[in-house]
Amino acid sequence: MDIKVTRFLTTKFIAVVLVFLSFLTYNLFCIIVTALLINLFLLWFSRKNKFVFLLFAVLFFISFNFINAFYINTDNIIYINNLYVTKYYYDTLLSYLLFILSVFIFFNFKNLRPLRITYFDNDLIFYGFLFVSLFALLFGVNRDKTGGYNVNITTIYELLYLFIFFSLLFSGGQKHKISLVVIFSLVAIFQDLYYDGRITSLQIILLYIIFFIDKIQLKHIIIIGVGCLIVFAYIGQIRMGGDVYINIFDSFFKIDTFYFAYQASETHLYAADKIDSFSKLSSFIGYFLNVIFIDNGKINNVSAISHNYAFHYYGGYIFTWFYFWFGYLGSFLIGGVISKIICFNLKRNKISNNAILCLIFATLPRWYIYEPISLFKYAMLIPWIFFVIYFTVTTYLKINNGLKLKDIDKSYLKKDTF
């Protein structure tokens, strides 16, 4: 057997043994060390592929924030409920441990291709999405600042990353068009931060990093990342009314968004003990019908359900959503599903796969921290929908220019392209 394969299988075996010991001993130190080690394994084995490495680096950073805030350096942490003094304090971390173990076990690190984006050149679609972006910039923000912990960003504004993505994609790679999109993006980020948002800005920044991943050096990505951390920590202190000059660096690895979401995750486990199995299954089926159908409200939303049992600011990590539905098995399974989705799209070097990978990365903070539906709806279905729009518009324009349907070049419809 190849020495690299042997080393990889040995590492996986060590990870499984450590997780088993963590459950057996129920020891907090063992759980934390195992979680951090598995994250380091992920980074090590993905180090030769920039996209995968950055994906796992962002996951690790977010996860380290709640591990650090709740289990290592707990100074100045704001507790919004009393679950941190119960068994859910341990069980939520064990749920994460199974999730990250599953990501590691099921991820295939062999022959990972680099991610490169192919441009389309279509003025109608480009300016159409640019117009929608302008509409979101003008009308997607509630400009009545009320102070305190209040985010004034609407749903359409949060979707700006999507409009920007398709504007870039259909720019044809032309510099003047890309420059125009960049200006819109900078205005969007500034306005988002000014009105106490962060998730929209983060998604737009992640989108640019991954869209131009083959043109940006890793050291520049690190500089951008550090700058973003400082700004987001600053915004967090403003939202909580803290002294930014004193607490900003103390909060560098304790960003409030991440540990508030973790407290929401604790309530998922708490609510799971209060609700019968049929209600959980109904919630799961109803929630994932939203991937295809229009949102049917909060009735199936795990965070909305758990809010009836313990206070939180909504959201919650993806592994506890699945714990709520299926227990520890659910936390383990969703990690494997995420790994398989990423590996499948990395193995197929098609335009649709690259678009899906871009949106998975850009929306990572949303589907990992807030709602898993974003992973399946925005990151996987929307690229296909907009490619259909592209084909429809392109075909219409060619027919309008006097071509008959049988004479239109349909090379872009070939299976090996999409």
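Helix 16 (residues 328-347) has these buried residues: Gly330, Ser331, Ile334, Gly335, Gly336, Ile338, Ser339, Ile341, Ile342, Cys343, Asn345 and Leu346. Buried means under 20% relative accessible area, with exposed over 50% and partly exposed in between, using a 1.4 Å probe and protein chains only. A helix here is a DSSP run of H or I with at least four residues, a strand is a run of E with at least two, and both are numbered from the N terminus.

This is a predicted model, where local features need pLDDT of at least 70 and side-chain atom pairs count only at pLDDT 80 or more, while totals for chains, interfaces and linings use all residues. Residues are numbered from 1 along each chain as its sequence is written, and side-chain values use heavy atoms, with hydrogens and water left out.

Now the whole chain. The protein chain has 19 helices and zero strands. It has 418 residues, and 56% of them count as buried. A contact means heavy atoms within 4.5 Å. Of the contacts with a separation of 6 or more, 76% are between residues 24 or more positions apart.

Is Ser133 buried or exposed? It is buried, because its relative accessible area is 2%. Leaving out residues up to four places away in sequence, Ser133 touches Leu160, Phe163, Ile164, Ser167 and Phe184.

Next, the rings. Rings of Phe, Tyr and Trp (its six-membered ring) pair if their centres lie within 6.5 Å; planes under 30 degrees apart are stacked, over 60 edge-to-face, and the rest tilted. That rule gives 64 aromatic pairs. One of them is Tyr96 with Phe319, a tilted pair at 5.4 Å centre to centre and 55 degrees between the planes. Tyr96 is in helix 4 (residues 88-106) and Phe319 in helix 15 (residues 318-326), 223 residues apart, so the pair links distant parts of the chain. Tyr96 counts as buried at 0% relative accessibility, and Phe319 is buried at 0% too. Phe211 and Phe212 have ring centres 5.2 Å apart and planes at 65 degrees, so that pair is edge-to-face.

Last, charges over rings. The rule asks for NZ of Lys or CZ of Arg within 6 Å of the ring centre and within 35 degrees of the ring normal. Arg47 lies over the face of Trp44, 3.8 Å from the ring centre. Lys177 lies over the face of Phe126, at 5.2 Å.
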